[in-house]
Amino acid sequence: MNSTSAADLFDLLDWKRRVFALYAEIRGAGDPVRAWKRWKSVRAELFATHPQSPWPPGEHGELAYFDYEPAARVLASVRDAPPMRYAIGTSGDGTYAFSRFATARFELAGKPLELELYWLEGYGGGLFVPFRDATAGRETYGAGRYLLDSVKGADLGMETGRLVFDFNFSYQPSCSYDPGWVCPLAPPPNHLDAPIRAGERLAT
């Protein structure tokens with residue numbers, strides 16, 4: 001959503017500061033479940049009270065989640081991939097430019113899976129990992145969810161040289177709450193056949 005005034009931009013800056021601080025706290029936490037509960041609590045406060053909330057003014061709802069699933073926290077091995085530029089489609093009419101630079105391989109519920117890793121083209125760049133799984137359109141947002149988005153602060157870190165993929169921290173893009181927001185969507189290579197019942201889900 002476009003911010004035009006100085007006040008809007010400083011509100012956005014404040015939102016980013018809070019999210020970056022939250023994920024720094026998560027990365028430093030020794031207990032993933034406690035970190036997840038903290039993540040949910042801070043998100044609930046931001047969505048309900050912050051001027052940059054993705055919810056439309058006066059239409060605050062309730063964020064819904066699957067129960068924490070320990071098996072949905074995995075470590076992903078990163079492998080180089082031939083660079084490929086994507087104009088990733090959005091919920092609006094435009095696209096965002098990303099470059100695939102690697103893939104991340106992991107196992108979930110005994111099934112080997114892979115997600116492409118994208119780097120945002122533009123000043124500073126950033127890691128972006130969207131995905132769409134078999135719950136999409138029924139239990140989760142139809143266009144997919146986000147796992148990592150370092151431009152927005154959503155970064156779970158690394159362990160033993162592997163990316164932390166904790167799907168309990170996956171969340172819906174802003175356009176799922178208000179179509180006025182424009183969000184990049186999960187491209188076909190990151191569509192997974194497996195259902196991932198962890199993280200944010202549709203409210204019932």
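The legends below describe close-up views of a predicted model.

**View 1. Alanine 109, a non-glycine residue with a positive phi, in the loop between β3 and β4.** Although alanine 109 is not a glycine, its phi is positive, at about 55°. The residue is placed in the loop that lies between strand β3, spanning 95–108, and strand β4, spanning 111–120. With a relative accessible area of 80%, alanine 109 is exposed, the cut-off for that class being over 50%.

**View 2. Threonine 160, another residue with a positive phi that is not a glycine.** The phi of threonine 160 is about 50°, and the residue belongs to the loop between β7 (158–159) and β8 (162–166). Threonine 160 counts as exposed, because its relative accessibility is 69% and the class begins over 50%.

**View 3. The aromatic pair of phenylalanine 47 and tryptophan 55.** Across the whole structure, a search finds 16 aromatic pairs. The pair formed by phenylalanine 47 and tryptophan 55 is edge-to-face, with 5.2 Å from centre to centre and 80° between the planes. Both partners are buried: phenylalanine 47 has a relative accessibility of 3%, while tryptophan 55 has a relative accessible area of 10%. These two residues also belong to one aromatic cluster, which is formed by Trp15, Phe47, Trp55 and Tyr177.

**View 4. The tilted pair of phenylalanine 106 and phenylalanine 167.** The ring centres of phenylalanine 106 and phenylalanine 167 are 5.7 Å apart and their planes meet at 40°, so the pair is classed as tilted. Because phenylalanine 106 lies in strand β3 and phenylalanine 167 in the loop between β8 and β9 (200–201), the pair ties together parts that are 61 residues apart in sequence. Phenylalanine 106 is buried, its relative accessible area being 6%, and phenylalanine 167 likewise counts as buried, at 0% relative accessibility.

**View 5. Lysine 40 over the ring of tryptophan 36.** In this view, the charged end of lysine 40 sits over the ring of tryptophan 36, at 4.0 Å from the centre of that ring.

Terms used
Residues are numbered from 1 along each chain as its sequence is written. This is a predicted model: local features need pLDDT of at least 70, side-chain atom pairs count only at pLDDT 80 or more; totals for chains, interfaces and linings use all residues. Side-chain values use heavy atoms; hydrogens and water are left out. Helices (H or I, at least four residues) and strands (E, at least two) are DSSP runs, numbered from the N terminus. Buried means under 20% relative accessible area, exposed over 50%, partly exposed in between (1.4 Å probe, protein chains only). Rings of Phe, Tyr and Trp (its six-membered ring) pair if their centres lie within 6.5 Å; planes under 30 degrees apart count as stacked, over 60 as edge-to-face and the rest as tilted. A charge sits over a ring if NZ of Lys or CZ of Arg is within 6 Å of the ring centre and within 35 degrees of the ring normal.
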